[in-house]
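Please look over the model below before reading the points that follow.

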Amino acid sequence: MLKHRGFPGRLPGTDFQFTVRRANPKGATEIIRRERYRDRRPPDRKADWVFMSALWHYFGDQPFERGNLDAGRLSWLFGREVLPYDPDTFDPTDYEAMLIIDETAARASFPEAFEEAEPWEK
């Protein structure tokens, strides 16, 4: 499992995890598309935009390996702002799965993620 050095591990002051420390011996947790409803709590929405900001600042518009990124947190963005790089060969249970940010969708959903520099350090 690739560890993304320098990527924030969590949202400060919360238990919202962005990365995992070690690979699951039973296999990687599957990335699924989770529905984001309008009535989500403000801390949940903040965790989404801060995670999106971290992804953008760390990877930009380049494809990236899932590695130690948390599957639960990725699942809130998967299928909208974060897409499989090659849908034909994508395995949602593989730590080596390649992903890419859909910049247009991400900017529409989280415009503040592209404005602030490193909001996870606040």
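1. The largest nonpolar core comprises 29 residues, and Phe7, Met52, Leu55, Phe64 and Leu99 have the most contacts inside it. At least two core residues come from each of helix H1 (42–59), helix H2 (71–75) and strand S3 (98–101). H1 gives the most, with 9 residues. Note that this is a predicted model.

2. Phe64 is among the core residues with the most contacts. Setting aside neighbours within four places in sequence, Phe64 is in contact with Leu55, Phe59, Leu69 and Val82, and also with the run Ala97, Met98, Leu99, Ile100 and Ile101.

3. The sheet is open and has 3 strands in the order S1-S3-S2, with antiparallel pairing. Strand S1 (64–65) and strand S2 (82–84) are the edge strands, each pairing on one side only. S2 and S3 are joined by 3 bridges, and Val82 stands opposite Ile101 in S3.

4. Helix H1 packs on the sheet and touches S1, S2 and S3. The direction of H1 makes about 105° with that of S3.

5. Is Asp48, a residue of helix H1, buried or exposed? Its relative accessible area is 2%, so Asp48 counts as buried, the cut-off being under 20%. Leaving aside neighbours within four places in sequence, Asp48 is in contact with Arg36, Arg40 and Arg73, as well as with Trp76, Leu77 and Phe110.

6. Helix H1 therefore deserves a careful look in the display: H1 gives 9 residues to the core, touches the three strands S1, S2 and S3, and holds the buried Asp48.

Notes
Residues numbered from 1 in each chain as written. Predicted model: local features only at pLDDT ≥ 70, side-chain atom pairs only at ≥ 80, totals over all residues. Heavy atoms only, no water. Core = buried A, V, L, I, M, F, W, Y, C linked by side-chain atoms within 4.5 Å. Buried < 20%, exposed > 50% of the residue type's maximum accessible area, 1.4 Å probe, protein only. Helix = DSSP H or I, 4+ residues; strand = E, 2+ residues; numbered from the N terminus. Contact = heavy atoms within 4.5 Å. Pairing = 2+ DSSP bridges. Axes fitted to C-alpha atoms, helices over the stretch in contact; angles between N-to-C directions.
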